[in-house]
Amino acid sequence: MTASRRTRGPGLVGLHVVTGGRYEPSRNHFDFVTSVCLANPGLERTGLTPEQRRVLELCQPGALSVAEVGAYLELPLSVLRILLADLMERGHITTNGKFYAVQTADRQLLEAVLEGLHNL
Amino acid sequence: MRGSTTSNPAEGTYLRGDETTVKILVAGPFSVGKTTFIGTMSQIRPLKTEEVMTAASTAVDDLRGRPDKHETTVALDFGRLSLNDKLVLYLFGAPGQERFFPILSHLAHGALGALVLVDTRHLAQSYPVMGVVEQLGLSYAIAVNQFPDSPPYTADELRAAMDLPADAPLVFCDARDQPSSKQALIRLVSYLLTLLPESTP
């Protein structure tokens, strides 16, 4: 029953339903490359939307960036950010990555990137 | 269920979650080779994600005559490389159209810089992209993606035609070839290092 991405028609429900009619996430620290991981895998999942459960299932084995979660679940990032903010508020997920510590590139970071590229 | 079987993450795709993540934009006009470049460099199967531009962007995205069209979807290709145990680099393909500016601006936030891919057979198509990247405030290097029938311009001729700042790197590459694509990224990051203020010991 899985339609391919290209042939798939519009979803059964509009994206505004998925987000509960909201347009802005309640938190705003989900960059494309922010890592998402489960904070408490055993936490009760009742009351979550199917999309939110899918995020938790996807991230069960480990962390993925926001962009990767969006790609695997085929959800636009603007919608995904709202779902993630909810999940974070309820204590399901956390963002342990250090993207937000490196807003302005520093020498040490760029040197590490350069060395990493050389070593590829 | 959407997103089952074919789109599930492969083994080894997951991160620990405590890595530092950085991103570089691979910008360029349509069919310049952005997707190829990202595919060549990525260590995961390249992915595509979508961002939706809603009413907020109507000032730049002209939707007149399309009353049914309230949003524009922009597809973004991306790939991922683990540079070391603690550092992960994401490469995002950025469409160069000015009308995607709201999304590009979000994408550019916190990015280290941009690699602008150029096809010398259609050099002028790159000019708007360079304008957008400059507007985004990103430092960039030019990577000339060489095609078999690319005219044999010299770097100096291209620099002059593109009106490149004297210090901005221009490198020739083949987006299908890993060593040369890697070299283009190395030139970009080396350049970004030169832009930092001298560190005080």
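In this predicted model, T49(B) has L76(B), in β3(B), as its bridge partner. The strands β2(B) and β3(B) are antiparallel and are joined by 7 bridges.

Both strands belong to an open sheet of 7 strands with mixed pairing, whose order is β2-β3-β4-β1-β5-β6-β7 in chain B. At the edges stand β2(B) and β7(B), residues 170–173; each has a single partner strand, so one side of each is left without a neighbour in the sheet. From one strand to the next, the twist averages 30°.

Chain B as a whole contains 5 helices and 7 strands, which follow the pattern β-α-β-β-β-α-β-α-β-α-β-α along the sequence. Chain B has 201 residues, and 37% of them count as buried. Of the contacts in chain B between residues at least 6 apart in sequence, 76% join residues at least 24 apart.

| Helix of chain B | Strands of chain B | Angle |
|---|---|---|
| α1(B), residues 34–41 | lies across β1, β3, β4 and β5 | about 25° to β3(B) |
| α5(B) | touches β1, β5, β6 and β7 | about 165° with β7(B) |

Helix α2(B) spans residues 101–108, and its buried residues are I103(B), L104(B), L107(B) and A108(B). These four cover an arc of only 135° around the axis, which puts them on the same side of α2(B). The buried residues of α2(B) pack against β1, β2, β3, β4 and α3 of chain B. After α2(B) comes G110(B), which has a positive phi, near 80°.

The largest nonpolar core has 81 residues, among which L25(B), V26(B), L115(B) and V116(B) touch the most other members. Helix α4 of chain A, residues 77–89, gives the most to this core, with 8 residues. Apart from neighbours within four places in sequence, L25(B) is in contact with F92(B), A94(B), L107(B), A108(B), A111(B), A114(B) and L138(B).

Where the two chains meet, 44 residues of chain B are in contact with 39 residues of chain A. On the chain B side, the elements that give two or more residues are β1, β2, β3, β4 and α5 of chain B. The largest share of that side, 7 residues, comes from α5(B). By residue type, the side of chain B that touches chain A divides into 21 nonpolar, 14 polar and 9 charged residues.

Notes:
Residues are numbered from 1 along each chain as its sequence is written. Chains are lettered from A and ligands numbered from 1 in the order in which they are written. This is a predicted model: local features need pLDDT of at least 70, side-chain atom pairs count only at pLDDT 80 or more; totals for chains, interfaces and linings use all residues. Two residues are in contact if their C-beta atoms, placed from the backbone, lie within 7 Å. Ala, Val, Leu, Ile, Met, Phe, Trp, Tyr, Cys and Pro count as nonpolar, Asp, Glu, Lys and Arg as charged, and the others, Gly among them, as polar. A residue is buried if 20 or more other C-beta atoms lie within 10 Å of its own, exposed if 12 or fewer, and partly exposed in between; C-beta atoms are placed from the backbone. The arc is that of the directions from the helix axis to the C-beta atoms. A nonpolar core is a set of buried Ala, Val, Leu, Ile, Met, Phe, Trp, Tyr and Cys residues joined through C-beta atoms within 7 Å. Two strands pair if DSSP finds at least two bridges between them. Axes are lines fitted to C-alpha atoms, for helices over the stretch in contact, and angles run from 0 to 180 degrees between N-to-C directions.
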